[in-house]
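Let's take a walk through a protein together. Have the sequence and the 3D view ready, and look things up as you read.

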Amino acid sequence: AATVFLNNLYEYPKSQANGDDKDGGEGAPNTDHDKGAKHELEGVDLNTPLTYADRFRIRKPGLGWEYHPPHVDGGGIERWEDPNFRQCFASILHGNWRAHNPFSLAPRLNARTSLYGRPNQATVFRTFQGWLALSETAPKEGTLQVFPDVVLSNAYTILRPFFTPTVDIESEEIFSLKGWKFDITTSSFPGIRPHEGGYYGPRPTPALHPNLRLEQTMLSVPRVKPGDMVFWHCDVVHAVEREHVGVGESAGMFFISTVAFHSSSSFFLLDPDANGDDLDLNLTVMYIPAVPLTPSNKSYIQRQAETFLQGKCPPDMPQGPGEAAFVGTGRAEDVCGEAGRRAMGLVDIVA
């Protein structure tokens, strides 16, 4: 139910339904007609959730955490390089950032979030990421942080490569128009870095993105207890707190799914050579985002189902020996219910 509700926050603009938007971009905001139009997209059903298998972590208190500074998931340089992905930000690039609609559905459907096949880069369209608490945790205990305005952060991130500071970033003038100049002479994309044959990011920093004021604007989610859930839009700048000064494990699952498992260990991407001491250093989370039924998502889920049945790592993840020779791993018969089997691609998926 949560997945369906979140997926249906996305809108199919009327201008696109009528073929008025020649660029296939964000188009006009939603109306009742628009919300009906999105269900007419071939192969798209926002009421059919799919399951994207990802990670599981455990984090102990008392450790500084440097692995998840402020960042955005779901595509790095692709936001500018891929023509379809670029259309998600058409209003921003056309000079009308206030008209940007991060919930516009149509341009997301064919956006390619992974052009280089880099491991750990999701290739599916995720409407929201979600966090299910497995233990009580609070601010300063290694919890999630988010930037509170996705329109502002999208506009700033997308336009940032086209401007160069004219003053020291520590100067108050960096927050004024005179602190910047339009500059298209450089190929630099601040916050985007080469990695494993592709690129990761965007990773905004106070030095590269001073106007986001990340040190003041990143907000920690309130105290949560086991069973509480937090959701954030797929473009939201988010981070994991560096400090964990609590007395217990910071445990959670990133999970938005209707699937019920007796065992899902085939998707716990743990190093089989790791020992218990190594595992004590990890943050416990399982990342399984909200993934609606679309043609590209369906294609991925079908390939993911094949790896599940073979005891291998999911296609987007680093490949290794997998768990085919392990005892007690999850099997198809462990997935309960028709909705769960459909979400896992174990039965035919029809929009």
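Here is a short tour, from the whole chain down to single residues.

Keep in mind that this is a predicted model. The protein has 351 residues, and 50% of them are buried. The accessible surface is about 16,500 Å², and carbon and sulfur atoms own 53% of that. How much of the contact list comes from residues 24 or more positions apart? Among contacts with a separation of 6 or more, the share is 79%.

**A covered helix**

Helix α8 runs from residue 150 to 159, and seven of its ten residues are buried. Those buried ones are Val150, Ser153, Asn154, Ala155, Tyr156, Thr157 and Ile158. So what covers them? The cover includes α4 (78–81), α6 (90–93), β5 (180–182) and β9 (229–233). At the N-terminal end of α8 you'll find a cap, Asp149: one of its side-chain oxygens sits 3.1 Å from the backbone nitrogen of Val151.

Now hop over to His100, in the loop between α6 and α7. Is His100 buried or exposed? His100 counts as buried because its relative accessibility is 5%, and the cut-off for buried is under 20%. The side chain of His100 makes a polar contact of 3.0 Å with the side chain of Asn154, one of the buried residues of α8. Leaving out residues up to four places away in sequence, His100 also touches Val151, along with others including Glu26, Cys88 and Phe89.

**Strands and their partners**

Strands can team up in sheets: they pair through backbone hydrogen bonds, either parallel or antiparallel. Strand β1 (residues 45–50) is mostly covered, with five of its six residues buried. Its pairing with strand β14 (residues 291–293) is antiparallel and spans three bridges. Within that pairing, Leu50 has Val291 of β14 as its bridge partner.

There is also an open sheet of three strands, in the order β8-β3-β10, paired in the antiparallel sense. Its edge strands are β8 (219–220) and β10 (238–240), each pairing on one side only. Strand β3 (residues 144–146) holds on to β8 through two bridges, and Gln145 stands opposite Ser220 in β8.

**Out towards the surface**

Phe163 belongs to strand β4 (residues 163–165).

Arg112 is partly exposed, with a relative accessible area of 46%. Not counting residues up to four places away in sequence, Arg112 touches Glu78, Asp82 and Phe85. Arg86 is 26 residues away from Arg112 along the chain, and their C-alpha atoms are 9.6 Å apart.

| Residue | Relative accessible area | Class |
|---|---|---|
| His100 | 5% | buried |
| Arg112 | 46% | partly exposed |

To finish, go back to the 3D view and find His100 and Asn154, whose side chains are joined by that 3.0 Å polar contact.

How values were computed
Residues numbered from 1 in each chain as written. Predicted model: local features only at pLDDT ≥ 70, side-chain atom pairs only at ≥ 80, totals over all residues. Heavy atoms only, no water. Helix = DSSP H or I, 4+ residues; strand = E, 2+ residues; numbered from the N terminus. Buried < 20%, exposed > 50% of the residue type's maximum accessible area, 1.4 Å probe, protein only. Contact = heavy atoms within 4.5 Å. Polar contact = N/O pair within 3.5 Å; in protein donor to acceptor, adjacent residues only side chain to side chain. Pairing = 2+ DSSP bridges. Areas by Shrake-Rupley, 256 points an atom, 1.4 Å probe, with all protein chains shown as cover.
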